[in-house]
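Dear colleague,

Please find below the structure that I am handing over to you.

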Amino acid sequence: MQRPAPAPHSAATPWAAEGALPPLPELAARLAAATGRSQPEPVGGAPELHRAACGYWARRGLHTAPDQVFAGAGGQPLLLALLAASGGDVLLTRPSAAWYAPLARLAGRPTYHAPAPAPSGGVPDPFALLETVRRVRAEGGDPRVLVLAVADDPTGTVAPPELLHEVCEAAAAEDLLIISDETWRDTVHPTAADPPPTAGTGPPPRPGGAAPPEPADGPERPVTGWPGETVVVSPAEMVPDRVVVLTDLAGALTPPSWPAAIARLPASDRGAELHAGLLAALGAVRGELPAPVAAAALHALREPAPVRARTAAAARAYGAVGTAAYGRLTDLGVLSRPPRVGHHLYVDLAELRGPLAERGIADVVDLERHLTWRLGRPVPGGHRFGDAPDDLRVRLSTLPLLGADDEQRLATLAARDPLERPHVRAALTLLESAFSELAAD
């Protein structure tokens with residue numbers, strides 16, 4: 001029987017291709033209750049939303065003033081406006097999220113890539129970064145912005161704090177503005193040894209033992225599912241005067257069909273200039289949050305118990321299916337970094353180049369086409385994330401492993417052991433079968 005072709009997709013707009021968890025009923029209720037509003041939200045967000053964002057960041061160790069917050073209708077519009085306002089050439093990690101480079105091109109900014117070190121993605125090797133900056137300047141370029149992700153899409157890894165510190169020092173030495181994409185930081189996976197989190201559980205202590213300050217809007221701290229050995233540290237904790245933190249709420253708090261994102265600007269003259277640029281750019285294109293989405297985002301950012309519980313359950317499920325998929329694929333000779341965050345695996349089939357060539361798969365475009373057909377869902381190749389076409393890498397979303405519809409996905413989140421769900425076992429078997437066919441002699 002012929003398998004139907006998946007819908008066309010672009011790795012630069014992953015949400016529609018990957019699906020999503022169903023929205024929390026109480027968030028949906030707040031969105032529905034605000035549909036009667038006729039007054040548009042202010043560009044950049046209302047003061048109440050700014051205060052909620054300050055509390056969100058305070059619970060993660062980042063003291064934030066309301067005038068540092070800027071909200072917009074999704075991470076892509078905010079990043080586009082930031083790149084337009086900052087000027088200069090843009091430095092990216094290789095690989096990096098597929099939507100960074102197209103937005104830089106749209107803003108008229110040339111892009112250059114510095115490779116990530118072997119253990120993790122999202123943050124470049126500091127020596128490679130310095131070499132790239134010097135080479136670009138020698139060729140007449142003007143690098144001014146570094147976009148990185150401490151909790152990374154596409155690799156599903158978390159950069160170690162010591163590496164991040166070296167990169168921040170290198171960026172400061174070269175006077176680069178850092179845009180830190182922290183969309184996935186709240187989805188760090190618990191390990192098998194971690195007990196299921198409870199509503200009163202908070203994040204681990206900050207490096208050095210300092211506890212995060214209490215938020216302005218309440219004493220409770222969120223459940224994050226962070227394991228003790230995996231700590232997400234923001235560059236804004238290291239070089240606060242040159243870091244913009246960008247968080248798309250679709251990573252952990254709201255459905256992707258409700259576009260909402262927040263940016264934390266530096267408390268400096270540079271931050272004030274960026275705020276003015278964001279206000280001009282997003283004001284010109286009506287880039288403010290829709291009022292119903294703003295109502296839901298406000299409640300999500302306050303992180304009441306149901307929101308914290310959903311975030312923790314999703315992180316636990318992502319970790320369970322991601323670790324299981326990683327184990328099955330590595331047993332077949334498929335290379336990958338162990339997943340630590342989000343619902344992605346970035347796999348490398350270089351060890352299977354011979355068997356792939358026998359099947360007519362010569363490059364990553366062929367590989368993407370084959371796996372997309374075989375799995376019945378988009379499997380974007382590494383060339384979409386900055387890697388070379390002859391590198392046989394693809395990004396796998398593990399979100400479909402949770403279930404084919406809302407009912408199955410909610411059942412997986414509620415299960416004490418997600419791997420015991422029949423639909424999860426079937427999805428893992430399909431994934432393993434597709435790759436074992438490629439690995440067969």
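The notes below cover the strands and their pairing, the salt bridges, and the cysteines.

The model is predicted, so local features need pLDDT of at least 70 and side-chain atom pairs count only at pLDDT 80 or more, while totals for chains, interfaces and linings use all residues. Residues are numbered from 1 along each chain as its sequence is written, and side-chain values use heavy atoms, with hydrogens and water left out.

Parallel strands

Helices (H or I, at least four residues) and strands (E, at least two) are DSSP runs numbered from the N terminus, and two strands pair if DSSP finds at least two bridges between them. Strand 2 (residues 89-94) pairs with strand 4 in the parallel sense over 4 bridges; aspartate 89 has proline 143 of strand 4 as its bridge partner. Strand 4 also pairs with strand 5 (residues 177-181), in the parallel sense and over 4 bridges, and here leucine 148 has serine 180 of strand 5 as its bridge partner. From strand 4 the chain crosses through helix 7 (residues 161-173) to strand 5, in a right-handed β-α-β crossover (with the strands pointing away from the viewer, the path from the first strand over the helix to the second runs clockwise). Strand 4 (residues 143-148) is mostly covered, with 5 of its 6 residues buried (buried means under 20% relative accessible area, exposed over 50%, partly exposed in between, with a 1.4 Å probe and protein chains only).

An open sheet of 3 strands has the order 8-9-10 with antiparallel pairing. Its edge strands, each pairing on one side only, are strand 8 (335-336) and strand 10 (393-397). Strand 8 is joined to strand 9 (residues 344-348) by 2 bridges, and the two run antiparallel; serine 336 stands opposite valine 347 in strand 9. Helix 10 (residues 305-331) packs on this sheet and touches strand 8, strand 9 and strand 10, where contact means heavy atoms within 4.5 Å. The direction of helix 10 makes about 10° with that of strand 9 (axes are lines fitted to C-alpha atoms, for helices over the stretch in contact, and angles run from 0 to 180 degrees between N-to-C directions).

Salt bridges

The structure holds 21 salt bridges, each a side-chain nitrogen of Lys or Arg within 4 Å of a carboxyl oxygen of Asp or Glu. One of them joins aspartate 186 to arginine 60 (3.0 Å, N to O). Aspartate 186 lies in the loop between strand 5 and strand 6 (243-248), and arginine 60 in the loop between helix 3 (47-58) and strand 1 (69-72), 126 residues apart. Aspartate 186 is buried at 3% relative accessible area, and arginine 60 is buried at 2%.

Arginine 395 forms a salt bridge with aspartate 153, with the closest N and O atoms 2.7 Å apart. Arginine 395 lies in strand 10 and aspartate 153 in the loop between strand 4 and helix 7, so the pair ties together parts that are 242 residues apart in sequence. Arginine 395 is buried at 3%, and aspartate 153 is buried at 7%.

Arginine 185 and glutamate 182 meet through their side chains in a further salt bridge (3.1 Å, N to O). Both arginine 185 and glutamate 182 are buried. Salt bridges that share partners join Arg59, Arg60, Asp186 and Glu303 into one network.

Cysteines

A disulfide is a pair of cysteine sulfur atoms within 2.5 Å, and by this rule the count is 0. Cysteine 54 is buried, at 8% relative accessible area, and cysteine 168 is buried, at 1%.

With kind regards
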